[in-house]
Amino acid sequence: MTKGDAEHPAGSTQAVNTQAVNAQAVVESTYRSESRRVLATLVRLLGDLDLAEEAMQEAFRAALEQWPSGGLPENPRAWLISTGRFKAIDALRRRSRVDHWDGDRLEAIAGAPEEDAEMQRALEHIPDDNLRLIFICCHPELSHDAQVALTLREVCDLTTEEIARAFLVRASTVAQRIVRAKATLRNKQLSVELPAAGELPRRLDAVLRTIYLVFNEGYAASGGEELTRADLSGEAIRLGRLLVDLLPDPEAFGLLALMLLQDSRRDARVTRQGDIILLEDQDRSLWNRPQIEEGRTLVDRAIRTGTIGAYTLQAAIAGEHAAAPDFDATRWDRIVAYYDLLLRVEPSPVVELNRAVAVAMRDSAEEGLKLVEQILARGELSDFHLLHAARADFYRRAGRREEAGEAYRRALELARQEPERRLLRRRLGEVE
Amino acid sequence: MKYFCLGYYDVDARGRLSREDFAAIASRCAPLDEELRATGAVSSTASLVEREVVTLRTRGGELSTTDGPYVESKEQVGSFFIVEASDLNEAVRIAGRHPAARLGEELGWAIEVRPIAHFKEE
């Protein structure tokens, strides 16, 4: 046996290879579990989304090179954050030869406290960092489209192409939204600070609205590839859970509950052909019971805080529907009471319309009609197809077929989504 | 995902610029090029000869060749490179370090980023 053979017996090459494969698998699984946290902390340390993303990619690239031979670091997350920060300082140093702006930033970043203390602090602040990243992506200075795109990309780690597919727009459109949003954040220097206590409610509203927008985009039966759209609702629920973990605000509980309860009916609300199945006709055995339980528990928890907001009230209403064993057993009295509260928290003609539908169920179709006529008399929602659809249903149930037909026709003129139009045509046929 | 990046320039502007001004811009390219290479995400970088372009096409069932680029325009392709990135935004961020994205306003420089649908290296 030669010396070379002793140093490299046949088996050990394989062992090294297996080790390398394992290390690569470890880097990949670390990416899945840690990349958002690493990114969030780098955003705080570097003060810029683009720079932080670049630093994170570089850090994982370095991990792929070094972990197979050097072994796994004791604390991979700390290693990645620290490596990312140094990579960013290197990059800025190179760039400062070209770009004065980068040079200024280099001073700010490289002048940060010593490494050990800095890393210790960085790790202690991870939950704050994640929350900060969500607040950054949902900054009120950004458009709704931009908030949604940025949140899905930076917090949920969806690719630009995946976001584009889910929203039925071109990838270049989404890419541009993200690039512009980042430029806005950078130019206005909005990126790094968590909102102050006084500003929190307004900022949290923007976060909740963004998450709900993502959810509704996935929930609305407005066409597109169904799978991708259901995924969007899933992402929104995941975001809702993350938010509840980071910031146990009553409305965060309320929003998560609302999404879980609405989503629990997903399998029962449309036919295989894409036709809408109304609540009263749905097969309730298809409703997702564990999700309903979880949603209702969250509603209770939110209500017990004593601060009851619009999301919690909508969730409470959805919870009442979910709790009824069949349509006739629905507690319309409670639902009307929740709508009364909702009108006080967030007065709007649409909420009034929904309350009118509940009143019609609790009392009579005539009572519902009266309330809808009041909304119309104020000149509100006269072009809203759902108002005319509700009016038509009330007339139909009151046996006033001619007026019902007229209202269905008006609703058909205004409705845009095909499944809704099919439902309206079906109803119109019933009264003609 | 791979993204094909094309570097454009304005042919007339190139002719108008003095030798000194052009040299000043060229001297600022090297650190950007170096940085682009340092990302490890760029391959197949190429710059193209300005003249001697031939376009081939079949017209009336016959192969014809013409002198000059397919699109007659003052903006011409001067270089290309390929970026490996996880999505379009990462590709845009990386391509954004290329000299033609950061410099050469007076030369009409620009970078176009295009997703590659199918890629095969022979």
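**A walk through chains A and B**

A:Ile89 is partly exposed, because 17 other C-beta atoms lie within 10 Å (a residue is buried with 20 or more other C-beta atoms within 10 Å of its own, exposed with 12 or fewer, and partly exposed in between, with C-beta atoms placed from the backbone). Before going on, keep in mind that this is a predicted model: local features need pLDDT of at least 70, side-chain atom pairs count only at pLDDT 80 or more, and totals for chains, interfaces and linings use all residues. Residues are numbered from 1 along each chain as its sequence is written, while chains are lettered from A and ligands numbered from 1 in the order in which they are written.

Back to A:Ile89, which sits in helix α4 (residues 76-95) of chain A; helices are DSSP runs of H or I with at least four residues, strands are runs of E with at least two, and both are numbered from the N terminus. Between the C-alpha atoms of A:Ile89 and A:Leu343, 254 residues apart along the chain, there are 53 Å.

Further along chain A, helix α17 (residues 349-362) packs with helix α19 (residues 385-397) at about 15°, their axes 11 Å apart (axes are lines fitted to C-alpha atoms, for helices over the stretch in contact, and angles run from 0 to 180 degrees between N-to-C directions). α17(A) and α19(A) are therefore roughly parallel to each other, the label for angles under 35 degrees. On the α17(A) side, the contact uses A:Leu353, A:Ala356, A:Val357 and A:Ala360, and on the α19(A) side A:Leu386, A:Leu387, A:Ala390 and A:Phe394; here, contact means C-beta atoms, placed from the backbone, within 7 Å.

Now for chain B. Four of its strands make an open sheet, ordered β2-β5-β1-β6, with antiparallel pairing (two strands pair if DSSP finds at least two bridges between them). At the edges are β2 (42-47) and β6 (110-115) of chain B, each pairing on one side only. Neighbouring strands of this sheet are turned by 20° against each other on average, ignoring direction. Helix α4 (residues 88-95) of chain B packs on the sheet and touches β1 (2-10), β2, β5 and β6 of chain B, with its direction at about 155° to that of β6(B).

Finally, how do the chains meet? In all, 18 residues of chain A are in contact with 13 residues of chain B. On the chain A side, the elements giving two or more residues are α3 (49-70), α4, α9 (160-166) and α10 (171-187) of chain A. α10(A) gives the most, with five residues.

How values were computed
Angles under 35 degrees count as roughly parallel, over 145 as roughly antiparallel, 65 to 115 as roughly perpendicular and the rest as oblique. Two residues are in contact if their C-beta atoms, placed from the backbone, lie within 7 Å.
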